[in-house]
Amino acid sequence: IAAMEPKVTCVLVMVFALALSSLAQGEAETCQMEPHRRVNCGHPSITSTECKRKGCCFDSNVPGVPWCFHPVAADDPLEGKPMT
């Protein structure tokens, strides 16, 4: 039984490492952010469809800021604030 312990430990470490890497890759993104924090993701006349095809967010309700913009990490404390 003692000879199996290192193998079991190795397998557990590998499973844990794979779980952590898949969590990092699956980080959620959101389009909810303060409008002045938007980072442009398209040209001025880009359509909603073109913007979303690039993996970006589209919101034309706020004048004077980019309408096609990059999403941010959902758990980013600076970017993911609810809009007021």
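When the bonded cysteines of the protein chain are numbered in sequence order, their pairing is 1-5, 2-4, 3-6. The structure is a predicted model, in which local features need pLDDT of at least 70 and side-chain atom pairs count only at pLDDT 80 or more, while totals for chains, interfaces and linings use all residues. Residues are numbered from 1 along each chain as its sequence is written, and side-chain values use heavy atoms, with hydrogens and water left out.

Three disulfides (pairs of cysteine sulfur atoms within 2.5 Å) were found in a search of the whole structure. One of them joins C31 to C57, with an S to S distance of 1.9 Å, and links distant parts of the chain, since C31 lies in the loop between β1 and α2 and C57 in strand β2, 26 residues apart; helices (H or I, at least four residues) and strands (E, at least two) are DSSP runs, numbered from the N terminus. The torsion about this S-S bond is about -80°, so the disulfide of C31 and C57 is left-handed. C31 is partly exposed at 36% relative accessible area, whereas C57 is buried at 3%, where buried means under 20%, exposed over 50% and partly exposed in between (1.4 Å probe, protein chains only).

The sulfur atoms of C51 and C68 are 2.2 Å apart in another disulfide, which is right-handed, with 95° about the S-S bond.

The search also finds one salt bridge, a side-chain nitrogen of Lys or Arg within 4 Å of a carboxyl oxygen of Asp or Glu, and this contact pairs R38 with D59 at 2.9 Å, N to O.
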